[in-house]
Amino acid sequence: MNTITLKTSGMHCPSCSMLIEMNVSDLPGVESVKASHAEGSTVVTYDQNQVDASRIESEIRAAGYEAETVS
Ligand SMILES: [Cu+2]
């Protein structure tokens, strides 16, 4: 398991963070997702054999937000 933090911009309310959590958690290999609109960040724990950071970033972008892995 690997955990990353993504700087996520464009979230303006709790529904935005909930949408990101729902979409990212649908990806195979994603164990947990915590998005915070207040902090503008998303923390994702995943199985690196099934999914990677760039796939997670593109899923967040597809939902209409900007995402960049920071750690
Ligand atoms: Cu919102």
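This is a predicted model: local features need pLDDT of at least 70, side-chain atom pairs count only at pLDDT 80 or more; totals for chains, interfaces and linings use all residues.
Serine 32 stands opposite threonine 45 of strand E3. E2 and E3 run antiparallel and are joined by 6 bridges. Their hairpin leaves 4 residues between the strands. Within that hairpin, glycine 40 has a positive phi, near 65°.

## The sheet

The sheet is open and has 4 strands. Their order is E2-E3-E1-E4, with antiparallel pairing. Strand E2 (30-36) and strand E4 (66-69) are the edges, each pairing on one side only. On average, neighbouring strands are turned by 25° against each other, direction ignored.

E1 pairs with E3 over 6 bridges, in the antiparallel sense. Two residue pairs can be picked out here. Isoleucine 4 has valine 44 of E3 as its bridge partner. Asparagine 2 is partnered by tyrosine 46, also in E3. Strand E1 (residues 2-9) also pairs with E4, antiparallel, over 4 bridges. There, lysine 7 has glutamate 68 as its bridge partner, and threonine 8 stands opposite alanine 67.

## Two faces of E3

In a regular strand, side chains alternate between the two faces of the sheet. Which residues of E3 lie on its covered face, and which on its uncovered one? Thr42, Val44 and Tyr46 make up the covered face. Ser41, Val43 and Thr45 make up the uncovered face.

## Helix H1

Helix H1 (residues 14-25) lies across E1, E2 and strand E3 (41-46). H1 runs at about 165° to E2. The helix has 12 residues. From first C-alpha to last, H1 reaches 16 Å, close to the 16 Å expected at 1.5 Å a residue.

Ser17, Ile20 and Val24 are the buried residues of H1. They cover an arc of only 60° around the axis, which puts them on the same side of the helix. An α-helix has 3.6 residues a turn, so residues three or four places apart point the same way. The buried residues of H1 pack against E1, E2, E3 and H2. Pro14, Ser15 and Met22 are exposed, on the face turned away from the buried side.

## Helix H2

Helix H2 (residues 53-62) also packs on the sheet, touching E1, E3 and E4. Its direction makes about 165° with that of E4. How is burial arranged around H2? The buried residues are Ile56, Glu57, Glu59 and Ile60. Seen down the axis, they fall within an arc of 160°, so they line one face of H2. Two glutamates, Glu57 and Glu59, are in this buried set.

The buried residues of H2 pack against E1, H1, E3 and E4. Ser54, Ser58 and Ala62 are exposed on the other side of H2. Glycine 64 follows the helix, with a positive phi near 105°.

## The nonpolar core

In soluble globular proteins, nonpolar side chains tend to be buried together. The largest nonpolar core here has 13 residues. Val24, Val44 and Ile60 touch the most other members. H1, E2, E3 and H2 each give two or more residues to this core. E2 provides the largest share, 3 residues.

Why does valine 44 count as buried? The cut-off is 20 or more other C-beta atoms within 10 Å. Valine 44 has 28 other C-beta atoms within 10 Å, so it is buried.

Which residues does valine 44 touch, leaving aside neighbours up to four places away in sequence? They are Thr3, Ile4, Leu6, Val24, Val30, Val33 and Ile56. Ile4 is also its bridge partner. Valine 44 and glutamate 31 are 13 residues apart in sequence, yet 7.6 Å apart in space, C-alpha to C-alpha.

Note on methods: Residues are numbered from 1 along each chain as its sequence is written. Two strands pair if DSSP finds at least two bridges between them. Axes are lines fitted to C-alpha atoms, for helices over the stretch in contact, and angles run from 0 to 180 degrees between N-to-C directions. Two residues are in contact if their C-beta atoms, placed from the backbone, lie within 7 Å. A residue is buried if 20 or more other C-beta atoms lie within 10 Å of its own, exposed if 12 or fewer, and partly exposed in between; C-beta atoms are placed from the backbone. The arc is that of the directions from the helix axis to the C-beta atoms. A nonpolar core is a set of buried Ala, Val, Leu, Ile, Met, Phe, Trp, Tyr and Cys residues joined through C-beta atoms within 7 Å. The expected span of a helix is 1.5 Å times one less than its number of residues.
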